[in-house]
Amino acid sequence: MQEWANQLCENRQFGSKMTDSKYFTTTKKGEIFELKAELNSDKKEKKKEAVKKVIASMTVGKDVSALFPDVVNCMQTDNLELKKLVYLYLMNYAKSQPDMAIMAVNTFVKDCEDPNPLIRALAVRTMGCIRVDKITEYLCEPLRKCLKDEDPYVRKTAAVCVAKLHDINAQLVEDQGFLDTLKDLISDSNPMVVANAVAALSEIAESHPNSNLMDLNPQTINKLLTALNECTEWGQIFILDCLANYTPRDDRESQSICERVTPRLSHANSAVVLSAVKVLMKFMEMLPKDLDYYGTLLKKLAPPLVTLLSAEPELQYVALRNINLIVQRRPEILKHEMKVFFVKYNDPIYVKLEKLDIMIRLASQANIAQVLAELKEYATEVDVDFVRKAVRAIGRCAIKVEQSAERCVSTLLDLIQTKVNYVVQEAIVVIKDIFRKYPNKYESVIATLCENLDSLDEPEARAAMIWIVGEYAERIDNADELLESFLEGFHDESTQVQLQLLTAIVKLFLKKPTETQELVQQVLSLATQDSDNPDLRDRGYIYWRLLSTDPVAAKEVVLAEKPLISEETDLIEPTLLEELICHIGTLASVYHKPPSAFVEGSRGVQHKRLPGSAGSGESVESPDTSSAAGISDAPPAVIPSQGDLLGDLLNLDVTPPATTGPPPAANSGVQMGAMDLLGGGLDSLLGGDLGGSSAMGAGFGAAPAAMPASFSAPVSGGLDDLFDLGGGVGMPMGAFSPPKTVWLPAMKGKGLEISGTFARRAGVFQMELTLMNKAMSVMTDFAIQFNRNSFGIAPAGPLQVLTPLSPNQTIEVTLPLNTVGPVMKMDPLNNLQVAVKNNIDVFYFSCQYPISMLFVEDGKMERQVFLATWKDIPNDNESQFQIKDCHLSSDAASNKLQGSNIFTIAKRTVDGQDMLYQSMKLTNGIWVLAELRLQAGNPNYTVSLKCRAPEVSQCVFQSYEAVLKN
Amino acid sequence: MSASAIFVLDLKGKVLICRNYKGDVDMAEIDHFMPLLMQQEEEGLLSPVMSHGCVHFLWIKHSNLYLVATTNKNSNASLVYSFLYKIVEVFTEYFKELEEESIQDNFVVVYELLDELMDFGFPQTTDSKILQEYITQEGTKLEVAKSKVPTTVTNAVSWRSEGIKYKKNEVFIDVIESINVLVNANGSVMSSDIVGSIKLKTMLSGMPELRLGLNDRVLFALTGRDKGKTVVMEDVKFHQCVRLSRFESDRTISFIPPDGESELMSYRINTHVKPLIWIESIIEKFSHSRVEIMVKAKGQFKKQSVANNVEVRVPVPSDADSPKFKTSTGHAKYVPEKNLVVWTIKSFPGGKEFLMRAHFGLPSVENDEAEGKPPITVKFEIPYFTVSGIQVRYMKIIEKSGYQALPWVRYITQSGDYQLRTNA
């Protein structure tokens, strides 16, 4: 540091201009003593020069705290410049010399009464910056006076000082009643005072979330909106950011605030514009979509957002990160503005990458040709990161815009021909995703891909290629050779590649068992015996066990049809998105993370939410909705879209109630021989997994995110996020499943008690059974069979009870079901006759399943089709039912029903009565159309059902009642 | 809410001056800034926000300085960047140029300004004209004037002081339109827009009320006039002084202007404009031997108009040598440090077409490093003309003393971000 000062003085010695840099010359050793003398000089000029030298030393990092008493002595001066320098010194060193800082108090107090407002303000501003407890108590009286000062400059400074003081000693501020004075300043006649008071209050409220300090009401809001027109650009930002925390009472208030905020969109300062956008995006939620004003507002938002792209690059970056959120929430705003996001050669890399992201979000059939041409152009650039992202973007376009898939694939093939190594690897990674999205369509390109096998050196690309080889093993003649070649260096591969190789070889084995037995043995032993990676080892064991006990089941598990991936994969999870919209313009919106993820001490802070939409004043709340989802023990299933640990852990529970039977302790120190112990647990675990197959997919990047919509994901937050789940707005819930009931009492089952229920989880219809042995002897050899029934329900696999059931032992079994069995009409329609066998006897019982279990996921009818069908079905087929004592808002009801695949197609409100039009489809293709009428305050709902097979109506109604009341 | 502290660093990351506003972030955290920046630069993932633990750095670069704000809260990032740029603006007006030396030479004023610009992380008065009324560089001289807070600081009119006097009252209005164009290698215009700016040089006494009338399509539609020669402004941005709610309600641009020079408003127009200077280029690269460049420039604007100081900048490979040029007009120059040929034409009349040929040698041993494909860029100015046809219809000036004032208007069109991609 001193070097700097010395060097400076050398540079300056010859300069003719006298500048402040001359003060840096006196920092040699022994100078402190000299300075001391100068500070105590009688001559004003000399004193001032000495203080400047002290500050210069301070600036270059030299410790001049030893001069504290001497500098403080200079404080009493009528020279404003000198005073400012002394104050600056105080702010820096008071904390290290708290005892001596007291010496300054008197002058502060006196300065706060100086006739010159600049000095009063300076004193109150500086006092607040001196974080010494002893001083703060002396601060109160001067501060009180300054808050009521006649000069607005002093008042606006005092307002901020309250926030400073609160930061040092919150209790003191409350005791002294400063908060009330601060609140009064919101009504001050001077706009700058209002703005600073708002800023100070917001700051205090933010650090004390429960203080309920900013009790915003329509009167204060009105005052703020008035001040908004008159204060400085920064003041406007404080006020807008504060407004964004308010929740209007109704749509009318919301509209009137929006109207008064929109002019801010024309402000030259980008930060004012973004804060205004935040308020508008938030309050818009409350406007009915059919309102003219809503459309007007949407139109008004686009131009200012586009103009933000002409700001300085850093501001462009913030704007782009926010636009990314805005287009996810309201894609209609910028859908015609694609070309402004085209990348320019001289854009900084961070702007380029963000523009690319937004281009993909805006890609649609209408503009895809243009977008692809641009992306191809970018892919031939030289900046590696940018090129990679451009290639990846082509893949994402293919997945997003189906009509363009073919062009995207051929563009990717062109790029592979360039043989630029990283382009090829990136292309292969995205082609894998395209295969997942459009199976059996583009596999002809596999040959081209295989040609590039040797050039792949990145784990992700290798894993993608291996996945492709495994998935399409039956079409690749030398698949075994290809995979074998990877196996040689198995232990040098990254985990991602190892896992993929394991899965691919098992797939290959299941497809071509005869030639590949040796290969599969080899990989299983590499994974289980020679690896110390627990994931790899466990997956190896699972396959091994599966292959050795039941190859058929293995096939069903490993080669199960995978859910298609969709564009949503890279969308931000909706609740997070809502929260981020409330934080537009802030760091959270830049990071795309909630503030709790990066601000210390904000964990307990409530997450911001968008207000509910028009009409549903009492938006969904009730924490018990999650239990209504029928997953009582396990927390609601979660898809980790941010890959946080907690999410991953919970993901295990996606596959529902595995065993509670064999305790996990059983696997301590298991060797291969002890595998049988695990048997039952493992197998039923896998049984429950059928069809969901997410565990299988977990190896390749995007897989888990493609789960059906009935699961929703809180992201990255702590446990509090989880419990928030039920409160989410417009969030679909899990399917309704009735509680277990006893189907076969032990009396009738010779000691075997069976209780059970039906559930539909992740699109899989299943029977969940609890078997309890109340007899004195061990039970084995369980099997199950169904009688013919109305919907052809049949077990999709054997009943997996592999361990003997000892006396007093209970086991939970999940039996996946299908609906391809023999059909016979039952009475009641949903009756199911079951036979269970064990080593003792065969037992018969019957049970009834809620018909909602048979509602399939694609039961959402097109609006037009719905209208036509409704008219088409004769009125005789219509039946009406009453549901009594139900207290849900229409949105909540609609959400609940959607969880059970009853889809709301349209909603109409007439005279305060909400009418929901809904459709559902049964597994045998029968459509049921419904009209649900409900009125706020009236607990009785009316359901009208129309169906070509009217006999199902009664059962459907029962399901309605059960779902809504649970 | 925004910044905890503001730092000014030199290129090596050494702190030149700093101000701790909130005290909730350790000032020593700044030592992590430079290593982080260098790491990001190395990875090619530079970003204007960086974080180290709980501390976030928001930074901009200006000449040989880094301006950095630190925070550990969920700060309003756009406010922080706006504010950092505002600091640059204020310092530049104070010190002519903002660079390492000017900070050292004026550290006392810099401290004073930092104290006035922001308080506890909240930006305060940032209008340099007003600041100059009570924070001056020569403290000794202006002792008297400084002893008062200019009422302007807290006034609703925070950008203009009272008591300004001119002998002759005049206001100069410059309407400047910049044309942004992006043309693909195959000659199709990918995007084009006009960014207009209306700048004022106000030399008016007292507190004048001004009203600016433009041939704004929306205004004409509102008042039911013929919209023949009007323009549609896609988006308009105004200086703090313009009453935004008034504009929102009846499209009137009314304001009390800041004294001296200021940008009153800017606007964006999306209409598809024909690129005023059209470039066709053939760049042929014969590896290991030569590059041949042929560029044709065509003035696609009215014959009566003339484009001045036209510069066509054509990229060439970085290892090119021995340039040879032939031009039908103007002259071409090789700028090796930028890997460009700059073809300058002082005066380029509308409707004319000119040609430039260039020939470069290439070394037989080729440069390994892949080079980007920089576009051809064009710079020009066309005076007395706006592409959009925007017109200042009137500027009404009313001051209570009732003086007569004259408005003067100038129009000019210039190139903005004007890029044409090449095949090379």
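## Reading hairpins and an open sheet

Trainee: In the hairpin of β10(A) and β11(A), which has two residues between the strands, which residue takes a positive phi?

Mentor: A:Asp911 does, with a phi near 50°. This is a predicted model, in which local features need pLDDT of at least 70 and side-chain atom pairs count only at pLDDT 80 or more, while totals for chains, interfaces and linings use all residues. Residues are numbered from 1 along each chain as its sequence is written, chains are lettered from A and ligands numbered from 1 in the order in which they are written, and side-chain values use heavy atoms, with hydrogens and water left out.

Trainee: How do the strands around β11(A) pair?

Mentor: Strands of a sheet pair through backbone hydrogen bonds, either parallel or antiparallel. Here strands are DSSP E runs of at least two residues, numbered from the N terminus, and pairing needs at least two DSSP bridges. Strand β10 (903–910) of chain A meets β11(A) in the antiparallel sense over seven bridges, with A:Lys907 opposite A:Leu916. On to β12 (927–935) of chain A, β11(A) has nine bridges, again antiparallel, and A:Asp914 stands opposite A:Leu934.

Trainee: Is β11(A) mostly covered or uncovered?

Mentor: Mostly covered: eight of the nine residues in 913–921 are buried (under 20% relative accessible area, 1.4 Å probe, protein chains only).

Trainee: Which strands form the open sheet in chain B, and in what order?

Mentor: The order is β12-β10-β22, with antiparallel pairing. In chain B, β12 (253–255) and β22 (392–398) each have a single partner strand, so one side of each lacks a neighbour in the sheet. Six bridges join β10 (209–214) of chain B to β22(B), where B:Leu212 stands opposite B:Met395.

Definitions and conventions:
Buried means under 20% relative accessible area, exposed over 50%, partly exposed in between (1.4 Å probe, protein chains only). Helices (H or I, at least four residues) and strands (E, at least two) are DSSP runs, numbered from the N terminus.
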